[in-house]
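I opened my notebook today to look around a protein model. Here is what I looked up, entry by entry.

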Amino acid sequence: MNTSKMRRKVVPAVENADSADKLDQLLLSAAICNGEDVGPFVRKGFASGKPETVLHHLRHFARSKESEIEDVCRAHYEDFITAVDDLRSLLSDVDSLKSSLSNSNSQLQSVAVPLLTTLDSFVEARNKCKNITLAIQSLRTCVQLVELCSRANRHLSENNFYMALKCVDSIEREFMNKTPSTTLRRMLEKQIPAIRSHIERKINKEFGDWLVEIRVVSRNLGQLAIGQASASRQREEELRIKQRQAEEQSRLSLRDCVYALEEEDDDGFNGISDDGKDGYSNGGNGMLGFDLTPLYRAYHINQTLGLEDRFKQYYFENRKLQLTSDFQVSSMTPFLESHQTFFAQIAGFFIVEDRVLRTGGGLVSKMEVENLWDTAMSKMCSVLEDQFSRMQTANHLLLIKDYVSLLGVTLRRYGYPVEALLDVLSKHRDKYHELLLSDCRKQITEALAADKFEQMYMKKEYEYSMNVLSFQLQTSNIMPAFPYVAPFSCTVPDCCRIVRSFIEDSVSFMSHGGQLDFYDVVKKYLDRLLTEVLDGALLKLINTSIAGVTQAMQMAANMAVFERACDFFFRHAAQLSGIPLRMAERGRRLFPLTKARDAAEEMLSGLLKQKVDGFLLLIENVNWMADDPPQGGNEYVHEVIIFLETLVSTAQQILPVQVLKRVLQDVLFHISEMIVGALLGESVKRFNVNAVMGLDVDIRMLESFAENQAPLLSESDASQLKAALAESRQLVNLLLSNHPENFLNPVIRERSYNALDYRKVVTISEKMRDQSDRLFGSFGTRGSKQNTKKKSLDALIKRLKDVN
C-alpha cells in the first residue's frame, strides 16, 4: 500500500477580491483545511441573519473535496487488486505448510510424552530434596538458636551479664530473621527486650549498692591514706632528728662520725592488683584496698546496651550528690571531734575519683573531676574559715591544722592543687599564735604563782635529766652526785617546759604549710613570748611577791639560769625549723628577759642596801672630833663586812659570779655613798683629821674585802668591786692630802678625783677642822705660824665657791 501524501493547507483561489461572499467562502475553506474552529463563522452567519450562506459555503467545500476523494480511491484500487491476486497465489503454499506442521507435531507428541513423565518425576523428587534440605537447615538453625538461648540463660543465672548480652546480640543479629518458626520468632521478639531490661535492672542495682558501699569505703580509704601520710611525715621527722644530731656531733667533733644508709619502706600508695572478675580491673587492691569492679562492670554493660552517655550522666550526678552530702557539718557534734571524719570522707572521695579517672576508660572526664575538686575546695575553705573564726583554743586549732596539712599532702600526691587550703591555714597564723600566747600566759602565771622561791631538790638522775639536761641548763658536763640541789627553783624548768611546748607547737603549725623558711616567723613569736609574756610575768612577780633577801637572791639566780635557757630556746627553734645552728647563732640577739633580770638584781640590791643601811646606822656613833684616830676601824664597818662576807658565802652557792659581782658592786657603791652622805649630813657639824683617818681605815677594810673576792671572781672583777668605793676613797684621799688645792688641777682631778662632786667637796671641806681649832686649843700657840695644809684647804674652798 502506498503511503499517503502529506497533508498541506489548501488556500482556494480568489476569483474576485472585491466579492465579500467569495472572501467569506475562502476564509471558511481555509479554516476547515487548517483544522480550525468554524464556530465564529456560524455565529457570524446567524448574527447577520444569513445562515443559508454559511450552509451554502459548507456544501460548496464538500463538493470541492469529493473529486479529490474519487481521485485517491481510483489510485489505490489498482494496488488493492494486485494484493488480492498475490494472496490467492500463496494459498496453496500455506496448505502444504499446514500439513507439514501437523505431521511434525504428531511425531513430537509421540516422542515427548515419556520424557515429560520422567521430567515430572524428577521435578517431584527435586522438590522433595529441597524440602528435606530446608528442613535440615531449619533444624540446624533451631538447634544453634536453642544452644545460644541456653548459653544466655546460663550466663544470666551466673550473673555473667556481658556474655549473656553478647549471646542475645548474636541471636538478634544472626537468627532473628532466619528463624523458620514463627513461634520462636515471636518468643525472641518478646524475650530479648525483657532480658536486656532485666540485665539493666540487675546491673543498676549492683551499681546502686556500690554507691552506698563506696561512701563507707571512701571514709576508711581517706583515713588510711592520711594515716600513711602521717606515718611518712613521722619517718621524715625522725630522719631529720637524726640528721640534726649528726650535724651537731660533726659540729662539736669531726671524729667518731657514723654514717648509715637507711631504706625507706614503700608508702603503699601504688599497690595495685589487676585481678578482677569477668576481666574487669578493680582499680587497685593494694594497701588502699577498694573495689571498682561493680562500677566498671556496670559501665561496660551500659556501654553494651548502648546507654553509655546516660550512665555517665547518672554516675556523675550521683557522685556529685554524695559529695554534697559529705559537705554537711553536723551542728550536734563539735567540729574538733568530727573534722577527721569530714576531711577523710572528702579525701577518700577524690582518691576514688582519681582512680576512676585514670582507669575508667572515659567514665569521667578530667574537667568533671576538676569541677568537683573546685567545689570541694571552696566548701572546705569556707568550713575552715567558719570553724577557725569560732575557735578560742590554740590546741584545737593546731589539731585541725595538722590534719588539714596531712590532707593536703595526701591529695597533692594525686595531683590535686591544695594551695587554697594552705592559704587558709596561713591566714590564721596570727590568730593561732595569739591564742597560744594567751594559753602560755595563763600557764606561766600559774607556774610562777606556785613558786616557793626554794632551790630545787632532785633525788634521781632522771629528774636531773628532765629538769636540767633537757633544757641545757647545766654549767658542766659532769653528772653531779645525787641528791642534787639545783641553784634555781621549780619555776625555771616549769617555764622552760611551757616555752619549749610553745616552740614545738609554733613549729608544728608553721611546718608542712607550704612555707619552707619559717624560722623568722617562729623566732618573732618566740621573742614576743619571752619579752611580753614571760618577762612581764617575772617582772610582776618580782614587784609584788618578793618579800626578803632570800627570795630576791633566788629570783636573781633564776634569771641567770633563764639566760642560758633562752639560748637553748632559740637553738631549739632553729633545729626544729631546719636551720643550721651556726646560722641561728650568727643572728643571736640580746637577752630577752633583761627587764626582769635587771628588776631582780635591783630588788636584791635594794634589799641588801636596806640591810646595810641598818648597819650603817652605827656610823652615828663615830667620834668626829676624836683626839686620836681609831685603831682597827669603826664599829659599823665591822658589822657591814661581816654581813657582806656572810652574803658572799651564801650567794655564791646559787648566784652566778657575774650576778654576784654586779650585786656586790651596787652594795659597795651604796656604802660609799652612805659614808660620803654621813659627812654631808646635818648630824655631822664638824670633824677632824682623826675622824677622816678612821674613815680611811674603814674604807681600807672594805677595799680589802673587795680584793679578797678575786679567787671567787677574778682580778679584774675584784678591781671593779674596789672601784665601787671610788667616791669615798677619793674624798678621804683629798681630805688627808697635804696639797688639797691639787683638786683644782684638771689633770690631777681627772686622774685622782674624777668621782668627786666639787659641791660636795666644798660642803665637806668646810666641816673639817684642825686640832688647833678646838676650844682653848690655841692658847699655847697664839701667834704661831698658821698650818700650811689648812691654808691650802681654805684656798680650795674659796676657789670652789668662786667657781660655784
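**Entry 1: E703 and its surroundings**

I started with E703, which, leaving aside neighbours within four places in sequence, is in contact with K722, L725 and R729. E703 sits in helix α21, which covers residues 689–707. Is E703 buried or exposed? I found a relative accessibility of 10% for E703, so this residue counts as buried, because the cut-off for buried is under 20%.

**Entry 2: the whole protein**

Next I stepped back, remembering that this is a predicted model. I noted 26 helices and two strands in the protein. The protein has 804 residues, and 38% of them count as buried. I also looked at contacts between residues at least 6 apart in sequence: 75% of these join residues at least 24 apart.

**Entry 3: how confident is the prediction?**

The mean pLDDT of the protein is 79, and 86% of its residues reach 70 or more. Over residues 254–281, pLDDT stays under 50, and the model has 47 contacts beyond four places in sequence for them. Over residues 771–786, pLDDT also stays under 50, and here the model has ten such contacts beyond four places in sequence.

**Entry 4: a helix length check**

I then listed buried residues in α4, among them F161, L165, V168 and F175.

What does the side chain of S218 reach? I found the backbone oxygen of I214, at 2.6 Å. S218 lies in helix α5, residues 182–252. Its relative accessibility is 1%, so S218 counts as buried. Not counting residues up to four places away in sequence, S218 touches A344, Q345, G348, F349 and V352.

T341 belongs to helix α8. With a relative accessible area of 35%, T341 is partly exposed, because that class lies between the 20% and 50% cut-offs. Beyond four places in sequence, T341 touches R219 and Q223. I also checked T341 against D326: they are 15 residues apart along the chain, and their C-alpha atoms are separated by 9.6 Å.

**Entry 5: rings**

How many aromatic pairs does a search of the whole structure find? I got 18. I picked F350 and Y416 to look at: their ring centres are 5.4 Å apart and their planes are at 70°, so this pair is edge-to-face; the cut-off for that class is over 60 degrees. Why does the pair tie together parts that are 66 residues apart in sequence? Because F350 lies in helix α8 (residues 335–359), whereas Y416 lies in the loop between α10 (394–412) and α11 (419–427). Both F350 and Y416 are buried.

I also found a cluster: ring pairs link F207, W210, Y299, F311, Y314 and Y315.

Definitions and conventions. Residues are numbered from 1 along each chain as its sequence is written. This is a predicted model: local features need pLDDT of at least 70, side-chain atom pairs count only at pLDDT 80 or more; totals for chains, interfaces and linings use all residues. Side-chain values use heavy atoms; hydrogens and water are left out. Rings of Phe, Tyr and Trp (its six-membered ring) pair if their centres lie within 6.5 Å; planes under 30 degrees apart count as stacked, over 60 as edge-to-face and the rest as tilted. Helices (H or I, at least four residues) and strands (E, at least two) are DSSP runs, numbered from the N terminus. Buried means under 20% relative accessible area, exposed over 50%, partly exposed in between (1.4 Å probe, protein chains only). Contact means heavy atoms within 4.5 Å. A polar contact is a pair of N or O atoms within 3.5 Å; within protein, one must be able to donate a hydrogen and the other to accept it, and residues adjacent in sequence count only if both atoms are side-chain atoms. pLDDT is the predictor's confidence in each residue, from 0 to 100.
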